[in-house]
Amino acid sequence: MSTVTRPRSEAPPPPAAMSRLLGIETPYGKPVTWAEVAMITDIGTTHAWNDDRCLVVTFKDLGETTSSPWREFMLCLVADGATSSSFGPHVDIVETSSGGRHAGWRASQVAQGAFVVGFMNSQQPDPLDKLRDGLRAADRTIQDANEGSLQTTLTALFLSADGTARAASIGDSVLAVLSPEHASKGSKKPKKLGYEDSTAVGSGQTRSTNINQDQLIETWWPNKEGGSAESRIQRGTYLVLMSDGISDNMKIPAIEQLLRRHPLDRVTVGLPKRTRENREQDQKKSGASTRQNELGLDNMSAIVVRFDGARGASRPATVPRLEDASLVCAMGTYGGPEADSGGQFGLVCLAGQENGATAAPEFLRQFLESEHRLDVRARIEQAWRGARPSRNQARFSALYADDHGLSFTFANDPARGAR
Amino acid sequence: MDENIQPITVGESVVLGFGGDPAALRVRITQRNVAPARETALQKFFYTPRIWASSVASLVVVVLLGTAFASGTIRPAPPPLPTLAPGAPTPTPDTRGVFSLGGIQLVGLPAAATATPRPAPPSSNETVQPTPGIGELTVFDPTPVDEQPTPVTDDAPPVASVTCNQVIRLGCPNPRPVAPQIAGVQVAATPTPASLEISVGGPETEPTPATAEIPGDAQPPPTRQAQQYGGVQIDSGLAVGRELPKPSAQPGSDVDEALQAATTAVRSFEEQLQDGSGPSDFGGKP
């Protein structure tokens with residue numbers, strides 16, 4: 001396996017103390033109208049690489065043939081590769097990097113791609129069962145890849161336009177749910193997932209018959225603790241997924257206070273900064289060093305979602321209905337073996353689904369897994385070649401952009417498609 | 001290969017479509033710089049109660065104590081009563097509950113005024129308007145009075161107001177003033193807003209909240225000028241140029257108290273005379 005250093009940004013860097021966020025604009029919202037999403041990743045102070053990854057994927061059935069909650073939904077994934085992960089001796093690392101044989105970044109990378117495909121291919125009718133299938137698929141894929149000892153956490157959230165929400169996780173990456181009713185009386189046990197710090201995707205635990213699978217995979221759904229039969233979340237509910245770099249150093253009520261007072265994107269990009277400040281205060285109290293490189297901060301990543309609810313028709317009147325097609329948008333943060341690993345990317349795919357399913361999930365998986373191995377153009381080409389046979393789809397076009405200033409359009413028909 | 005990959009500029013709008021299909025979507029991926037959420041100094045101050053909560057609590061304590069001292073609820077203990085000379089009138093004992101600690105007295109609330117018969121009933125065409133003393137605080141209850149006129153009888157003297165010496169009504173009873181009513185006279189009772197009236201004397205410009213319609217040549221009741229300042233009504237007193245009502249023997253009035261004191265002194269004097277222990281003359285000499 002060889003690694004390719006991503007090209008340096010062609011765009012001017014953002015001003016100091018600011019972060020660069022990518023936004024996807026489609027006729028159906030940014031990328032949806034019923035939720036606002038932002039994400040951030042920060043390498044922290046203890047690692048010279050980034051094991052964390054964030055991924056938000058939205059699916060929209062443009063033919064409007066499927067029913068709720070599958071007509072329009074999103075998946076949010078946070079993965080935190082285990083620091084102890086390492087490539088096996090049989091894996092050839094041609095271009096060494098600051099990460100060396102450390103493979104936490106690879107574990108989270110593979111897990112996210114495999115999860116998306118496992119979720120979409122699942123035949124289970126319930127989103128929660130699909131989430132479980134996705135986690136099992138990620139676990140098996142990492143094991144079967146046989147690249148070494150690769151393990152990662154993986155927390156997944158399913159959120160539909162109608163408010164249907166489900167979540168599942170393996171490991172200690174946290175899901176916090178801050179519903180509007182908590183605004184006045186403080187959040188009541190907002191941490192929903194991320195209590196299991198002894199489990200990991202890639203350990204093969206999902207295959208073990210000696211482990212209670214219900215305990216291995218933590219699950220959450222609205223009102224799971226009782227109190228109401230409503231299984232959908234309310235408008236104004238915040239869902240925060242974060243790696244332990246943030247959750248170990250920042251209390252959820254403090255995050256909630258920030259979210260109630262400031263715009264979502266500004267809070268999101270400010271979470272690593274707040275975490276550093278909190279860590280400095282803790283270090284100062286304990287008499288430890290407050291130097292930035294001695295704070296002992298792990299990689300920090302977070303996805304913040306606010307569910308706003310569907311408003312009116314999901315398709316604007318000026319937008320035609322596309323038969324047998326899906327719009328798949330993906331936004332994510334990069335991990336990697338470099339000290340400057342991070343940054344964001346966006347991908348918009350218009351995919352045919354005349355055979356019942358689209359090639360978009362497999363395309364996304366192939367694209368994610370080829371990171372640090374090929375340049376972006378080659379990744380897109382390879383991803384399409386790997387995805388097309390999976391669903392026997394011919395219609396596909398895509399737009400890619402990242403915060404390093406790279407952007408490409410792709411279409412499988414040169415006469416038509418992206419232009 | 002029918003694949004086509006083209007580099008474009010980030011933020012450029014593109015149309016995604018399928019070959020041969022006129023339907024297409026215009027999309028783009030933009031990037032923007034976002035500043036982390038940061039709280040201003042004012043927000044930090046406002047959202048950090050530990051900075052200002054103690055100050056506010058101290059201020060509340062100061063206000064409460066200041067009010068209590070100013071109103072006499074807490075006051076220095078009076079000097080011990082001098083030995084009364086034989087024959088001297090015994091002062092009316094203060095029956096209020098008193099908690100004394102270190103020379104400071106915490107005085108209980110005054111007993112509620114009890115209704116006593118009027119010495120003389122008012123005439124039929126005269127309305128008695130209680131006149132608070134200058135500087136006194138008169139509290140009016142916002143409870144609307146029954147609009148059905150009720151004939152007033154001599155047996156049911158109205159309690160028009162309750163004097164309260166406290167600025168913020170700490171410990172003051174909640175009186176229910178009765179609109180001035182006269183037997184056989186239509187009374188228009190108007191609900192009044194909650195207000196504190198401070199009689200300071202001055203010309204009248206506004207009618208009283210409760211008005212009485214007096215038939216014939218009856219003089220309208222004297223009304224007090226009231227001005228509202230942010231929910232606090234300041235009564236500037238009775239109208240200039242109008243005849244002030246004569247003070248009647250109201251429960252708790254100075255006249256009543258004087259009469260009671262005089263009666264007590266006379267009784268004490270008579271008892272001493274009967275016992276033979278009293279003075280032989282008014283000079284107090286044996």
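Modeller: In this predicted model, strand β3 of chain A, residues 52-61, is mostly covered, with 10 of its 10 residues buried. In a regular strand, side chains alternate between the two faces of the sheet. Asp52(A), Cys54(A), Val56(A), Thr58(A) and Lys60(A) point one way from β3(A), while Arg53(A), Leu55(A), Val57(A), Phe59(A) and Asp61(A) point the other way. Both sets are buried, so each of these residues has under 20% relative accessible area.

With strand β4 of chain A, residues 72-81, β3(A) pairs in the antiparallel sense over 9 bridges. Within that pairing, Val78(A) of β4(A) stands opposite Cys54(A). Strand β14 of chain A, residues 325-333, also runs antiparallel to β3(A), and 8 bridges join the two. Here Lys60(A) has Leu327(A) in β14(A) as its bridge partner.

Arg53(A) pairs with Glu371(A), and the closest N and O atoms are 2.4 Å apart. Arg53(A) lies in strand β3 of chain A and Glu371(A) in the loop between α8 (360-369) and α9 (376-391), so the pair ties together parts that are 318 residues apart in sequence. Arg53(A) and Glu371(A) are both buried.

Other salt bridges can be set beside that one. The structure holds 17 salt bridges over all chains. In helix α7 of chain A, residues 264-286, Lys273(A) and Glu277(A) lie 4 residues apart, about one turn of the helix. These two form a salt bridge whose closest N and O atoms are 2.9 Å apart. Lys273(A) has 35% relative accessibility and therefore counts as partly exposed; Glu277(A), at 32%, also counts as partly exposed. Elsewhere in chain A, a network of salt bridges links Glu36(A), Arg306(A) and Asp308(A).

The count of salt bridges between chain A and chain B is 2. One of them joins Glu25(A) to Arg28(B), with the closest N and O atoms 3.0 Å apart. This pair crosses from strand β1 of chain A, residues 19-25, to strand β3 of chain B, residues 24-34. Glu25(A) is partly exposed, with a relative accessible area of 23%, and Arg28(B) is partly exposed as well, at 31%. Across the interface, 66 residues of chain A are in contact with 38 residues of chain B. About 4,600 Å² is buried between the two chains, and carbon and sulfur atoms give 58% of that area.

One aromatic cluster in chain A is formed by Tyr334(A), Phe345(A), Phe363(A), Phe367(A), Trp384(A), Phe396(A), Tyr400(A) and Phe410(A). Two lysines sit over rings: Lys130(A) lies over the face of Phe119(A), at 5.8 Å from the ring centre, and Lys191(A) lies over the face of Tyr195(A), at 4.4 Å from the ring centre.

As for the chain that holds the strand, chain A has 9 helices and 17 strands. Buried residues make up 60% of its 419 residues. Among its contacts between residues at least 6 apart in sequence, 73% join residues at least 24 apart.

Methods:
Residues are numbered from 1 along each chain as its sequence is written. Chains are lettered from A and ligands numbered from 1 in the order in which they are written. This is a predicted model: local features need pLDDT of at least 70, side-chain atom pairs count only at pLDDT 80 or more; totals for chains, interfaces and linings use all residues. Side-chain values use heavy atoms; hydrogens and water are left out. Rings of Phe, Tyr and Trp (its six-membered ring) pair if their centres lie within 6.5 Å; planes under 30 degrees apart count as stacked, over 60 as edge-to-face and the rest as tilted. A charge sits over a ring if NZ of Lys or CZ of Arg is within 6 Å of the ring centre and within 35 degrees of the ring normal. Buried means under 20% relative accessible area, exposed over 50%, partly exposed in between (1.4 Å probe, protein chains only). Two strands pair if DSSP finds at least two bridges between them. Contact means heavy atoms within 4.5 Å. Buried area is the accessible area (1.4 Å probe) that two parts lose on being put together, summed over both. A salt bridge is a side-chain nitrogen of Lys or Arg within 4 Å of a carboxyl oxygen of Asp or Glu.
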